[in-house]
Amino acid sequence: MAKIGFIKLGNLGMSQVVDLVQDEIAAREGITVRSFGTGPKMGKDEAAATEELKKFDADFYVMISPNSSAPGPTAAREIYKDVPCIVISDGPTKKDDRAALEEAGFGYIIMTVDPLIGAKTEFLDPVEMASFNSDAMKVLSTCGVVRLIQEELDKVAAMADEGKELELPHILAKPEKCIERAGFNNPYAKAKGLAALHMADMVAKINFPACFMMKEIEQVTLTTAAGHEMMRAAAQLAIEAREIEKANDSVFRQPHAKKGHLMTKTALYEKPQ
């Protein structure tokens, strides 16, 4: 039995499904999952509250948050530094900062392609927030990010189930790395998926100054709107990429068997093997 604890501090696009991808139809045996979420906030108070999940005594923990170098996630890592823990975040991207995480004993999957939302009251409301996250999820799911995380967590869960020493992942998930996990058969579909990932990567670069540097309302709203339009366009490319695969009856699927191992299929009427 592999026990996995998920700590959700704040919200990334991937936060929506990170604790679901190990057991997509809730029928997998040999795995138990518990999640502790702090909603939209990720300060030091929220970090302290996550200690509650340590009572679960998981084989390993997964801590997902925006900007893992921020005070809240940093404080949370202090709580979990004595247990196997994988950090999933959109940063740090610098080699030295990632090396520091590894030296401290943490695994990591740093996703440059999980985009920064345009979080300014002049632009963002609950509907816009939900729409943006649905667009982000379309890119993350179709273009390889979900499968990358699913496969890496599967590896660690298998080690835990077999009683082996855990080897945690250390991955900088840039567009080129993510697209190789997507399983596209058609090169045009793959190209559209890669374009979508590069656009998602660029959304953060557009929204960052709007969120933290710009002051004038016209600048703020125009820039955040531009970032969200780019995310929408990226989602449409991801949809088009999958439609190409569907038209060719070549959508790669990788469901979990009841015992936990991965099966594969491509043709729609094919039985997973």
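## From fold to residue

Trace the chain from the N terminus: the elements run β-β-α-β-α-β-α-β-α-α-β-α-α-α. The radius of gyration is 19 Å, close to the 19 Å that the globule rule gives for 273 residues, so the protein is as compact as a globular protein of that length. Keep in mind that this is a predicted model. In total, the protein has eight helices and six strands.

**Select all C-alpha atoms.** The atoms fill a box of roughly 55 × 50 × 35 Å.

The accessible area comes to about 13400 Å². Carbon and sulfur atoms account for 54% of that area. Of the 273 residues, 47% count as buried.

**Colour by charge.** Look for 33 positive and 40 negative side chains. The centres of the two sets lie 2 Å apart.

**Show contacts.** Take pairs of residues at least 6 apart in sequence. Of the contacts between them, 70% join residues at least 24 apart.

**Select β3 and α2.** β3 covers 60-64 and α2 covers 71-80.

**Zoom in on S68.** Is S68 buried or exposed? Its relative accessibility is 1%. The cut-off for buried is under 20%, so S68 counts as buried.

**Select the contacts of S68.** Leave aside the neighbours within four places in sequence.

Key:
Residues numbered from 1 in each chain as written. Predicted model: local features only at pLDDT ≥ 70, side-chain atom pairs only at ≥ 80, totals over all residues. Heavy atoms only, no water. Helix = DSSP H or I, 4+ residues; strand = E, 2+ residues; numbered from the N terminus. Rg over C-alpha atoms; globule rule 2.2 N^0.38 Å. Buried < 20%, exposed > 50% of the residue type's maximum accessible area, 1.4 Å probe, protein only. Contact = heavy atoms within 4.5 Å. Areas by Shrake-Rupley, 256 points an atom, 1.4 Å probe, with all protein chains shown as cover. Lys, Arg positive; Asp, Glu negative; His and termini not counted. Charge placed at Lys NZ, Arg CZ, Asp CG, Glu CD.
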